[in-house]
Amino acid sequence: MPDAVVIGAGPNGLVAANLLVDAGWSVEVLEAQKEPGGAVRSDRGVHPEFVSDLFSAFYPLAAASPVLARLDLAAEGLRWSHAPSVVAHPLLDGRCAVLERAVDDTAAGLAHFAAADGEAWRTMYGVWSRVGPDLIQSLFTPFPPVRAGARLAAKLRAAGGLRLARKLALPVRRLGEEEFTGEGGRLLLAGNALHADLAPEAAGSGGFGWLMSMLGQSHGFPVPVGGAGALTAALVGRLQRRGGVLRCGERVASVVVRGGRAVGVRTAGGEVVGARRAVLADTSALALYRELVDEEHLPGRLLRDLERFQWDFATFKVDWALTGPVPWTAEQAAGAGTVHVAEGVDGLTRFAAQIAMGLVPAEPFALLGQMTTADPSRSPTGTESAWAYTHLPQRITSDAGPDGITGRWDTREQEAMADRVEAQVERFAPGFRALIGARRILAPTTLQAMNENLHNGAINNGTTALHQQAIFRPTPGTGRPETPVKGLYLASAAAHPGGGVHGAPGANAARAALRSHGLHALLHRAQRV
């Protein structure tokens, strides 16, 4: 019998398992899919000569994560690669806002939109340089972040205090208007905010857009050499080398609870896997509390609060094997790993508004990855392994476009939506569709079938909006990994601090389990060796 059972071999589950074995626990990880990784996987399913990332692809939060840094995954063979430029947002007239690797280069480009905007970007980055490290540390520790929060508070006072807090609470449209005269800086902030389900007019979207933009400036948007699966392989290799056990194709059907304590799990095949000390669940909150744990073990208030749980946007993704580079009208977009495809901030607002009304957007905002540009190993020289995803309503009421998409996601609807995404890219890159050698469509239902945590393709395990963050995540008063069942911990992005590949929810859950047995200090000593 292992000391701990971890449900799910996504990045958070694997991080949790690694930290537990570092502290001397025996750990068994059970994964329902045939391979580990959750939303961090790659394959050659589009074309045998092209590596495609199935879900996530760029990892600024991983690059900044103190959790992953302490695991020293480079020792497991993990290497990172960067595109020449970080993010580009082209416009139809050929202009392009570009987040470059160097702050002075970003500033120089933004100055072409408005002369004062280069210095405005440098000022914004200067604030990040002072508060960013402590902000990251605060985000990636259990709530409330007492020690890191105290350091951050001191830095915030020096960086403007309440005025900075006000800026971060702003909608990203307003933040962009206050900080920049021209379109360039506004585009970078707003496009990065919509990596989550935050409309340009949503409170707090300014803070998220600022965070992602500043992470891109300080750490880039790196990719694992060889594909996203290389990050998973490093986590799995580290775990197994330290004695951890991983079993794939083993779906957990329920958590076994006795005397108010989690004592193991039961698989779909009927096997009971006991746990001496803890069960950690890298699952959605709804799966844990509605499917895996019998409601008799849960307080009624939690079950009622779950009725108000909000998923983030659904996702639709298309992977391509391109016979040549994307022919952007705005040539500066060619060197960026990530390209935001939308007609300005107003286009982003129209897109988000249609989703809020339950409509399939007529002109989808496409977040496009040029993976060979970021990592030349992904496809043959002169070609491009690329993808784009867009967001959709969780519940579709109508189609703002001409195709009558209802959310059935039969072959006709999948093809129509993929064509709509490609038509949007074609507007900014005439000739794009002629370069498509092969494509793969991943509809919301397909994404969920490949990873049950991605409800209709929801990539953040719950909305990023303020009402479901920190002490409100996943429900009010549950911002920490502990659950109402002793020895059971929520270790997924459904817990604080939420989505992104950084490992913090898994690390928080592992530390909570260790702390309950007086072993938290042991983990720190083990990771210093």
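Helix 4 packs its buried residues against strand 7 (96-100), helix 5 (117-139), helix 9 (183-193) and helix 10 (205-219). This is a predicted model, in which local features need pLDDT of at least 70 and side-chain atom pairs count only at pLDDT 80 or more, while totals for chains, interfaces and linings use all residues. Residues are numbered from 1 along each chain as its sequence is written, and side-chain values use heavy atoms, with hydrogens and water left out. Helices (H or I, at least four residues) and strands (E, at least two) are DSSP runs, numbered from the N terminus.

**Helix 4**
- In helix 4 (residues 103-111), the buried residues are Thr106, Ala107 and Leu110; buried means under 20% relative accessible area, with a 1.4 Å probe and protein chains only.
- Looking down the axis of helix 4, you find its buried residues within an arc of 100°, so they line one face of the helix. The arc is that of the directions from the helix axis to the C-beta atoms.
- An α-helix has 3.6 residues a turn, so residues three or four places apart point the same way.

**Strand 2 and its partners**
- Five of the five residues in strand 2 (residues 27-31) are buried.
- Val27, Val29 and Glu31 lie on one side of strand 2, Glu28 and Leu30 lie on the other, and all are buried.
- Strand 1 (residues 4-7) pairs with strand 2 in the parallel sense over four bridges; two strands pair if DSSP finds at least two bridges between them. Ile7 has Leu30 of strand 2 as its bridge partner.
- Strand 2 is also joined by four bridges to strand 9 (residues 245-248), and these two run parallel. Here Glu28 has Val245 of strand 9 as its bridge partner.

- Three strands make up an open sheet in the order 10-11-12, with antiparallel pairing.
- Strand 10 (252-258) and strand 12 (272-274) stand at the edges with a single partner strand each, so one side of each has no neighbour in the sheet.
- Strand 10 and strand 11 (residues 261-267) are antiparallel and joined by six bridges; the bridge partner of Ser254 in strand 11 is Arg266.

**Asp375**
- You can find Asp375 in the loop between helix 15 (371-374) and strand 18 (384-392).
- Asp375 counts as buried because its relative accessibility is 3%.
- From its side chain, Asp375 reaches the backbone nitrogen of Gly226 at 2.8 Å.
- Leaving out residues up to four places away in sequence, Asp375 touches Ser81, Val223, Pro224, Val225, Gly226 and Gly227, where contact means heavy atoms within 4.5 Å.

Definitions and conventions
Buried means under 20% relative accessible area, exposed over 50%, partly exposed in between (1.4 Å probe, protein chains only). A polar contact is a pair of N or O atoms within 3.5 Å; within protein, one must be able to donate a hydrogen and the other to accept it, and residues adjacent in sequence count only if both atoms are side-chain atoms.
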